[in-house]
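The following report describes one protein model. It considers the pocket, the helices, the aromatic contacts and the confidence of the prediction in turn.

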Amino acid sequence: MEMTLTTSEEQVQKSKSAKLILLFAMVSMTMMFAGLTSAFVVSKSRADWLQNFQIPIAFYFSTVVIIGCSITFFLAKKAIEKDNRTVAATFLLGTLVLGVLFVILQFAGFGQIIESGYYMTGQGSSITTTFLYVIALMHLLHLAGGLISLLIIIYNHFKQKYNSTQTLGIELGAMYWHFLDLLWVLLFLFLYFFK
């Protein structure tokens, strides 16, 4: 005798599977950044480590902006759970704007590092700034994935694929964005206190 799942049970199973896959991806990203930060700590004992290096001001602003991304994505998810499509669209688009602003501020931070006379590689580089570039660029690479998924979520939202009973795409997007936001805040605090 075969057991068949109802549509509701299938949705729950699909949701659990998708969230588990995303969780595994986030754990692997966390491990990569743990490796980078461990190498950063070990490298601090080098003679050529910059003792007085200051984190660019743009990175402070970008940290505030990415926290704003989490807030707007959270509010978008809450709005779609209440079937308030207009409010959800506003917050999703707000998240996109803030996400792009975060990227712009990160590159402004790189510009501030260069203005200080430090480069990622070559004669004007130092191990300190190279680590900073690598950590920030790796985060930006993961954020690019977040922006692409956000664009897909926005597209699906305007195609009316989400409502109070169909929120999986927005839930997964929110999980990933909250992860990216928390990751950057932790990286920023790490760089601030362990520079």
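## Largest pocket

In this predicted model, helices α1 (7-43) and α5 (168-194) each contribute at least two residues to the lining of the largest pocket. The greatest contribution to that lining comes from α1, which supplies five residues.

The space in the largest pocket amounts to about 260 Å³. Its lining consists of 13 residues, of which Q11, T165, Q166, T167 and L168 are the closest to the centre of the pocket. Sorted by class, the lining comprises seven polar, three charged and three nonpolar residues.

## Overall architecture

The protein has five helices and zero strands, and its pattern along the sequence reads α-α-α-α-α. Taken along the principal axes, the box filled by the C-alpha atoms is roughly 70 × 40 × 25 Å. Of the 195 residues in the protein, 41% are buried.

## Helix α4

Helix α4 covers residues 127-158, 32 residues in total. From its first C-alpha to its last, α4 reaches 46 Å, close to the 46 Å expected at 1.5 Å a residue. After α4 comes Q160, which has a positive phi, near 60°.

Between the C-alpha atoms of G146 and L96 the distance is 9.6 Å, although the two residues are 50 apart in sequence.

## Aromatic contacts

Across the whole structure, a search identifies 16 aromatic pairs. In one of them, the ring centres of F40 and F131 are 5.7 Å apart; the planes meet at 75°, over the 60 degrees required, so the pair is edge-to-face. F40 belongs to helix α1 and F131 to helix α4, and the pair thus links distant parts of the chain, 91 residues apart. F40 and F131 are both buried.

A further pair joins F53 and Y118, with ring centres 5.9 Å apart and planes at 75°, so this pair is edge-to-face as well. F53 is in the loop between α1 and α2 (57-81), while Y118 is in the loop between α3 (85-115) and α4, so the contact ties together parts that are 65 residues apart in sequence. For Y118 the value is 23%, which lies between the limits of 20% and 50%, so Y118 is partly exposed.

Ring pairs also connect F59, F102, F107, F110, Y133 and W184 into a cluster.

## Confidence of the model

The mean pLDDT of the protein is 89, and 96% of its residues reach 70 or more. Confidence is highest in α2, with a mean of 96, and lowest in α1, with a mean of 85. Helix α1, where confidence is lowest, is also the helix that gives the most to the lining of the largest pocket.

Conventions: Residues numbered from 1 in each chain as written. Predicted model: local features only at pLDDT ≥ 70, side-chain atom pairs only at ≥ 80, totals over all residues. Heavy atoms only, no water. 1 Å grid on protein atoms, 1.4 Å probe; cavity = no way out; pocket = protein on both sides within 12 Å on 5 of 7 lines; lining within 4 Å. Points joined across faces, edges and corners; volume = space filled by probe spheres on them. Helix = DSSP H or I, 4+ residues; strand = E, 2+ residues; numbered from the N terminus. Nonpolar A, V, L, I, M, F, W, Y, C, P; charged D, E, K, R; others polar. Expected span 1.5 Å × (residues − 1). Phe/Tyr/Trp six-rings, centres within 6.5 Å; stacked < 30°, edge-to-face > 60°. Buried < 20%, exposed > 50% of the residue type's maximum accessible area, 1.4 Å probe, protein only. pLDDT = per-residue confidence, 0-100.
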